[in-house]
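Student: I am new to this structure. Could you take me through it step by step?

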Amino acid sequence: MTGFLFELSFLLAAPVWLLMIFAPRWRGTERLAASPLTVLPILAVWAVLAAPVLPELWAAVSSPDIDTFRELTALANGAGALWAQVIAWDLLLGQWMYREARRLSISPLLMGPLLLLTILLSPVGLPLFLIARAVRTPRKAPRPAPRALV
C-alpha cells in the first residue's frame, strides 16, 4: 500500500505538470495553475502516509537532527510522506513559475524545459527561472523629483 501511495502522489501532480508544459496557452491550464487546490489530493496522500509515523515525523521536524531525519526516511511511510510533501511543494512552485511566465510573456519553449527541470530538481529549475524572470522583468523608470510649491 505504501508503494502505491508513493507513486500516487506523483501521478496526482502529473496532469497539472503536463498541461503547463504541453498546453500552456489553453484556458483550462491557466485556470488549473491558478488554483492552490491542486495540491489537496497530494496532501491527502501525505496524511495517510504520515499518520502511522507521526511521532517519528514530529521528532524529525520539531528538533531537526540528521540522525532523526535518517531514521524517519528509513521507514517506508516516512520516506513516502516526505516524497508527497516534496511533490506538493514542487507543484505549487511550478504553478507559480507558470503564472509568472505567462504574466511576463516568457516563451513556452523556454518554460517547458524549465518546468521539466523543476519537476526533477527544483533547486536547479527555480534559480534558472529566476534568472529568466529577471531578464524579462522591465526595469522601472526612476520617478521624477517632486516640484517645489513656490
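Tutor: Start with a term. A polar contact is a pair of N or O atoms within 3.5 Å; within protein, one must be able to donate a hydrogen and the other to accept it, and residues adjacent in sequence count only if both atoms are side-chain atoms. Helices (H or I, at least four residues) and strands (E, at least two) are DSSP runs, numbered from the N terminus. This is a predicted model, where local features need pLDDT of at least 70, side-chain atom pairs count only at pLDDT 80 or more, and totals for chains, interfaces and linings use all residues. Residues are numbered from 1 along each chain as its sequence is written, and side-chain values use heavy atoms, leaving out hydrogens and water.

Student: Which residue caps the N-terminal end of α7?

Tutor: Look at the backbone nitrogen of Leu109. A side-chain oxygen lies 3.0 Å from that nitrogen. The oxygen belongs to the capping residue, Ser107.

Student: How far apart are the end C-alpha atoms of helix α7?

Tutor: Helix α7 covers residues 108-120, which is 13 residues. The expected span is 1.5 Å times one less than the number of residues. That gives 18 Å, and the model agrees: the end C-alpha atoms are 18 Å apart.

Student: Which helices do the buried residues of α7 pack against?

Tutor: Buried means under 20% relative accessible area (1.4 Å probe, protein chains only). Met111, Leu114 and Leu115 are among the buried residues of α7. Contact means heavy atoms within 4.5 Å. The partners are α1 (2-22), α6 (76-103) and α8 (122-136).

Student: How many helices are in the protein chain?

Tutor: The pattern along the sequence is α-α-α-α-α-α-α-α. There are zero strands. The helix count is eight.

Definitions and conventions: Buried < 20%, exposed > 50% of the residue type's maximum accessible area, 1.4 Å probe, protein only.
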